[in-house]
Amino acid sequence: MSVIIDGGANEDVVHGAGFAHLREHWALASFRRALGDDYVMATAQTLQYQTEFIIFVRSADAVVRDRIDWWQWSTADLAEEVAVIDSEIVAAESDMNGLAVDRELPRRLGVFGPETDWGYGDRESLRGWTVDNLRTAVSQTWGDRPAMAVTTARDLDGWGPNDDLRPFRGQGVTVRPASEGPVTVAGGGGITYCGWHFDYRDRRDLRAVDDLVTLLTLVARDNGAREAQGYEFDFRIGQFGERHVARGSDYLAVGIKCEPGSPVVRTAAVIDQLLESTRAVLRADIGVGDSRLAMGIDRHRLLRQARINQSIVQRLVLVNRAKLLGGEDPVLHSAERDSSELTAYAQYLLTLIDDMSVDVGTAA
Ligand SMILES: [Zn+2]
């Protein structure tokens, strides 16, 4: 089952770095205790605005519905969990590319607002918690019985894709101009990440950012091969690869790795080349009036959706997020487009690429 509780790392701003992570572990212990022998295993993630759990249970009847009684930790329990989190932080911080994309970029882009952290927490301040302080802070944020969105595999019975959603319903995503030019962050292994911040009114529109990644990947691999020679690209969207959790904005990271021996060129110049190639390909496609590229991007999206639809766990999470955030999840929908819609979509992607280029240009 997927369980989502509103409130995540954003509440660390008030209660200290790592509070939400500790609270997540506390909730896991509570679920485990409530489910008893039916509990098999669980994973959890503290995202900015919500805490998400995936719990595997032995029997379909074993569900937590809409409330959970908190497990009362002893001081020894707390110390044990703090030690577990300690090692999780060490592991997370040793992944240089994860650090660059999941912590530094959202910070520098201001994706989640000021003073936000990535949810793992601070090892020093985590040691300051007592059982009583923790209980009080959890009670102030989630209450004694938190409201939960719960979706079980059984809830998915009778679920099917819905094809009646057209792609252009929302407002679209816009690239938020970076005031100080492009945000670049060094990752590990010689990779530098460049980040863009996107705003959206309707979370269904965020799939355009996924489509941008498809587009840039295709261009980097085929059309841009000449310009991109000697470079490897790493495209990532959102913190921990998650989407629809930043509420109104999200970000795209493009990592560039120079192969040993290739000429040292500024990151901005490599990005500029990639964006320029992408623009040229889109323009040529739009000129023909029947965008094969947009069609290809649509097909890639259908493949992506099909993969998600195959995974019951991912479906659970998406359906459950829709419960919390309203409406059905955009990723579970597919839509066919006619040629004029495809061309219009290629135009729209071109607008986004143009806006991304402006950002790079300002700092050049
Ligand atoms: Zn943890």
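This is a predicted model: local features need pLDDT of at least 70, side-chain atom pairs count only at pLDDT 80 or more; totals for chains, interfaces and linings use all residues.
Residues are numbered from 1 along each chain as its sequence is written, and side-chain values use heavy atoms, with hydrogens and water left out. Local features need pLDDT of at least 70, side-chain atom pairs count only at pLDDT 80 or more, and totals for chains, interfaces and linings use all residues.

The zinc ion has three protein donors: His21 (NE2), His25 (NE2) and Glu88 (OE). They lie 1.9 to 2.1 Å from the ion. Donors are N, O and S atoms within 2.8 Å of the metal (3.2 Å for Na, K and Ca); water is not among the atoms, so sites may look incomplete. Along the chain, the donor spacing is H-x3-H-x62-E. His21 and His25 both belong to helix α2 (residues 19-35). They are four residues apart, and therefore separated by about one helical turn. Both histidines are buried, that is, under 20% relative accessible area, against over 50% for exposed and in between for partly exposed (1.4 Å probe, protein chains only).

Helices (H or I, at least four residues) and strands (E, at least two) are DSSP runs, numbered from the N terminus. Helix α2 is mostly covered, with 14 of its 17 residues buried. At 1.5 Å a residue, α2 should span 24 Å. The expected span is 1.5 Å times one less than the number of residues. The end C-alpha atoms of α2 are 24 Å apart, in agreement. Just after α2, Gly36 takes a positive phi of about 55 degrees.

Helix α7 (residues 207-221) packs against helix α8 (residues 267-288) at about 100 degrees. Their axes are 10 Å apart. Axes are lines fitted to C-alpha atoms, for helices over the stretch in contact, and angles run from 0 to 180 degrees between N-to-C directions. The two helices are therefore roughly perpendicular (65 to 115 degrees). Leu215, Leu216, Val219 and Ala220 of α7 meet α8 residues including Leu274, Leu275 and Val281. Contact means heavy atoms within 4.5 Å.

Most residues other than glycine have a negative phi. His244 has a positive phi, near 60 degrees. Phi of Arg247 is also positive, near 60 degrees. His244 is buried, at 5% relative accessible area. Arg247 is partly exposed, at 37%.

Notes:
Angles under 35 degrees count as roughly parallel, over 145 as roughly antiparallel, 65 to 115 as roughly perpendicular and the rest as oblique.
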